[in-house]
Amino acid sequence: MKYYIALLILLFGCIPVTIHAAGDYPIQPVPFTEVHFEDAFWAPRMETNRTVTIPFAFKQCEDNGRMSNFAIAGGLAEGEQRGDFPFDDTDPYKILEGASYCLMLEPDPKLDKYLDDLIALFATAQEEDGYLYTVRTNQCDRLRNWFGDHRWSRLSGSHELYNAGHMYEAAVAHYQATGKRSFLEIAIKNADLIDRTFGPDQLHLPPGHQVIEMGLCKLYRATGEERYLKLAKFLLDMRGRSEGRRLYGSYSQDHKPVVEQSEAVGHAVRATYMYAGMADVAALTGDEDYIRAIGRIWDNVVSRKLYVTGGVGARGSGEAFGDDYELPNMSAYCETCAAIGNVYWNHRMFLLHGDARYIDVMERTLYNGLISGVSLDGKLFFYPNPLESQGQHNRSPWFGCACCPGNITRFMASVPGYAYAHRGDSLYVNLYATGKSTIPLEGRSVQIRQTTEYPWDGKVRMEVIPEKPTDSFTLCVRIPGWARNEPVPSDLYRYLRSDEEKPKLKVNGDSVDLIIKNGYVSMDRTWKRGDVVDLALSMPIHRIVAHPNIKEDTGKVALQRGPLIYCAEWPDNNGRVLNLLVEDDAVLQARSQPDLLGGVTILEGTAKELSRQSDGDGLTEKSVRFRAIPYYAWAHRGSGEMAVWLARKPEAAKPLPAPTIASRSKVSTSFKSPTANARIEGVNDQVELRNSIDHEVAFLHWWPHKGTTEWLQYEFAEPAQVAEVLVYWFDDTGRGECRVPKSWRLFYEIEGQWEPVQTNNEYYCDKDRFNVLTFNTVKTNKLRMEVTCRDGFSAGVMEWTVK
């Protein structure tokens with residue numbers, strides 16, 4: 001029992017202090033400290049995380065005031081709270097957690113000393129009764145709207161309990177790594193305060209942002225203190241129950257009790273953290289209602305709300321899940337933190353049920369929509385991870401809201417912990433990477449040595465080395481869904497053509513019948529030292545098509561090889577990709593390029609470049625060379641177009657514009673919005689529009705200017721006679737602060753002066769259509785529209801045509 005608890009605690013970030021008899025996950029993960037990757041894919045990334053990303057992130061915290069906030073709270077420095085958010089305290093917590101994981105794998109006295117000093121700083125900021133929340137201790141009035149006048153008075157936004165949850169996770173990780181109780185005691189003191197404050201006879205309030213539930217479960221495993229587990233369950237059970245309070249609503253998954261929920265709604269990070277926390281509590285308490293609820297929600301996500309990259313959270317507004325089948329590409333949010341939360345949740349679902357479909361989803365997220373969140377050099381980060389771009393998306397070295405970089409540091413250090421698991425005499429192999437691991441099996445251990453070039457090659461060799469000369473146990477080898485013609489465990493995506501080559505499995509050269517149950521081939525036999533298992537997974541280039549209800553993917557195809565999703569990016573495709581047509585019969589081949597993007601396998605073939613004809617009626621086609629790279633590797637070579645979903649039908653492409661007065665004009669404006677989605681080149685690109693809130697196309701807006709008068713100007717390639725313009729206004733009612741304008745006027749330049757056009761027609765400001773203005777013919781080389789925004793709102797233009 002003691003050995004069992006110790007192993008569980010290693011994965012979930014704990015060391016046993018008191019051995020308790022409570023249950024836990026029926027399948028036990030093998031801790032990452034017992035799994036040593038020696039491959040060319042994950043091992044370099046983990047080393048970059050250790051030597052580059054973690055020091056870089058700590059330095060960013062120092063430079064951006066995260067550390068000084070603790071010093072001010074502790075009376076060690078004078079000054080005012082820095083930063084724009086009350087949850088900034090969690091950035092050093094998360095990075096410290098990642099650094100602690102690194103200490104478990106490789107001693108580093110300098111890093112160890114740095115963490116000791118940082119924890120001492122945290123201790124000075126903790127108030128006498130255990131409260132630790134620098135923004136209130138430092139009396140930061142400019143952020144008071146977030147946290148209210150009193151402790152716990154505005155939990156919907158304060159993040160007081162969210163901060164505590166990340167602190168618990170980091171404290172337990174540090175204890176696990178070093179055996180030192182310094183940070184653990186800070187966490188215990190804080191948790192005891194919260195336990196005295198919240199409960200059946202105290203405050204009946206859940207946190208606005210979940211994570212404390214997972215943190216309390218880790219603290220429970222570390223200390224054996226059952227109060228922490230009960231508190232985690234209490235906080236979950238308070239969601240959706242009014243009991244004299246105002247519910248936070250679906251944004252915080254507080255619209256109904258958790259056991260009654262069946263759809264993923266609201267803020268995607270909050271949601272996935274909650275589902276993972278529910279899994280932890282269910283495993284520890286045996287609560288079947290929790291298990292059924294997260295099972296229903298998982299079915300909803302995988303069947304209707306999962307991106308082909310494994311990302312979740314479609315909407316930038318609220319960083320939230322959208323409606324069923326709402327999976328846009330250019331405006332896809334897919335926050336990096338949500339991808340990490342999705343891995344946490346799916347891994348826990350596997351530990352509950354032993355079904356490989358959860359690992360299939362986890363692997364899809366892991367290799368695609370998660371690691372895209374950090375650059376290859378470890379110093380730049382994506383917050384959203386879109387599936388299409390016109391050049392407006394770039395990784396950044398830091399953010400005002402810097403949750404994603406810290407999350408990356410702690411996650412990358414722990415990736416090997418997702419590779420293996422065990423239950424009784426069954427050993428599960430979930431991920432494939434060269435390296436060695438030691439797996440416990442009821443009083444003895446088995447070593448597995450893998451050799452593979454996965455994810456580039458599907459051949460995997462596993463040497464089985466039992467502790468005894470011979471040993472009987474069941475080796476459960478996962479056959480990935482992508483290798484069984486099942487890209488996801490639902491009908492949300494399917495292969496256009498099935499792979500007829502089946503996976504092959506051999507033991508010591510003898511073929512094994514592929515009897516697959518729950519995604520695994522289970523080999524129950526007597527193993528001896530030196531037995532070799534060979535797995536061969538075919539890696540053809542698969543074309544994926546989406547469920548017809550995903551309107552943004554109609555007529556399009558995505559490319560996958562092995563576990564990797566591919567994208568077309570501008571440097572490999574003559575500078576443009578959104579106008580490409582990849583027909584179903586186009587021959588594509590895979591080719592290794594060891595010197596590109598850290599070493600990748602690319603896909604290449606021939607596509608057709610589409611352009612609008614000069615008369616505006618029809619398209620011209622031109623055969624061009626086509627290349628695709630792994631999605632995770634995009635945005636390393638400058639700004640430009642990228643797409644995961646590529647047109648397989650002409651009507652799904654965005655052809656190059658025909659040469660018209662507008663498309664050949666130089667475009668300028670009074671103000672360039674700093675937001676990434678404001679793209680001035682969109683006003684004359686001739687892309688078909690669905691409505692005035694279409695975020696799948698480029699458009700111009702002037703936000704955050706509100707109530708102002710702005711202008712947009714065309715400078716023609718040569719003087720021209722014009723008599724009509726058509727304007728399609730941008731209006732994001734229900735999502736943002738742009739509305740159709742209050743009014744507008746049109747001017748032309750003559751002899752260096754701006755004159756209004758002469759017209760008897762109305763200047764229309766309707767949304768969801770082109771607004772036509774005809775006027776007396778003028779000859780000019782410049783047109784300017786002057787737009788007056790509504791009071792309290794900005795405005796924007798999606799397309800401006802000149803005739």
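Start with Gln450 and Leu431. A polar atom of the Gln450 side chain lies 3.2 Å from the backbone oxygen of Leu431. Keep in mind that this is a predicted model.

Stay on Gln450. The residue belongs to strand S7, residues 444-452. Is Gln450 buried or exposed? Its relative accessibility is 3%, so Gln450 counts as buried, since buried means under 20%.

The side chains of Gln450 and Tyr420 are joined by a polar contact of 2.8 Å.

Next, show the surroundings of Gln450. Neighbours within four places in sequence are left aside here. The contacts of Gln450 then include Val429, Tyr432, Ala433, Thr434 and Gly435. Val460, Arg461 and Met462 are also among them.

Select Phe41, Trp42, Tyr367, Tyr432, Tyr454, Trp456, Trp482 and Tyr632. Together they form one aromatic cluster.

How many aromatic pairs does a search of the whole structure find? The search finds 42. Two of these stops follow.

Select Phe32 and Tyr101. Their ring centres are 5.2 Å apart and their planes stand at 75 degrees. The pair is therefore edge-to-face, as the angle is over 60 degrees. The two residues come from distant parts of the chain, 69 residues apart. Phe32 is in the loop between strand S1 (28-29) and strand S2 (35-37). Tyr101 is in helix H4, residues 90-105. Phe32 has 1% relative accessibility and counts as buried. Tyr101 is buried too, with a relative accessible area of 5%.

Move to Phe70 and Phe122. This aromatic pair is tilted, with 4.6 Å from centre to centre and 50 degrees between the planes. Which helices hold the two residues? Phe70 lies in helix H3 (residues 66-73) and Phe122 in helix H5 (residues 109-125), so the pair ties together parts 52 residues apart in sequence. Phe70 is buried, at a relative accessible area of 0%. Phe122 is at 0% relative accessibility and counts as buried.

Select Arg181 with Tyr175. The charged end of Arg181 sits over the Tyr175 ring, 5.7 Å from its centre.

Then select Arg525 with Trp527. Where does Arg525 lie? Arg525 is over the face of Trp527, at 4.8 Å from the ring centre.

Technical notes. Residues are numbered from 1 along each chain as its sequence is written. This is a predicted model: local features need pLDDT of at least 70, side-chain atom pairs count only at pLDDT 80 or more; totals for chains, interfaces and linings use all residues. Side-chain values use heavy atoms; hydrogens and water are left out. Rings of Phe, Tyr and Trp (its six-membered ring) pair if their centres lie within 6.5 Å; planes under 30 degrees apart count as stacked, over 60 as edge-to-face and the rest as tilted. Helices (H or I, at least four residues) and strands (E, at least two) are DSSP runs, numbered from the N terminus. Buried means under 20% relative accessible area, exposed over 50%, partly exposed in between (1.4 Å probe, protein chains only). A charge sits over a ring if NZ of Lys or CZ of Arg is within 6 Å of the ring centre and within 35 degrees of the ring normal. A polar contact is a pair of N or O atoms within 3.5 Å; within protein, one must be able to donate a hydrogen and the other to accept it, and residues adjacent in sequence count only if both atoms are side-chain atoms. Contact means heavy atoms within 4.5 Å.
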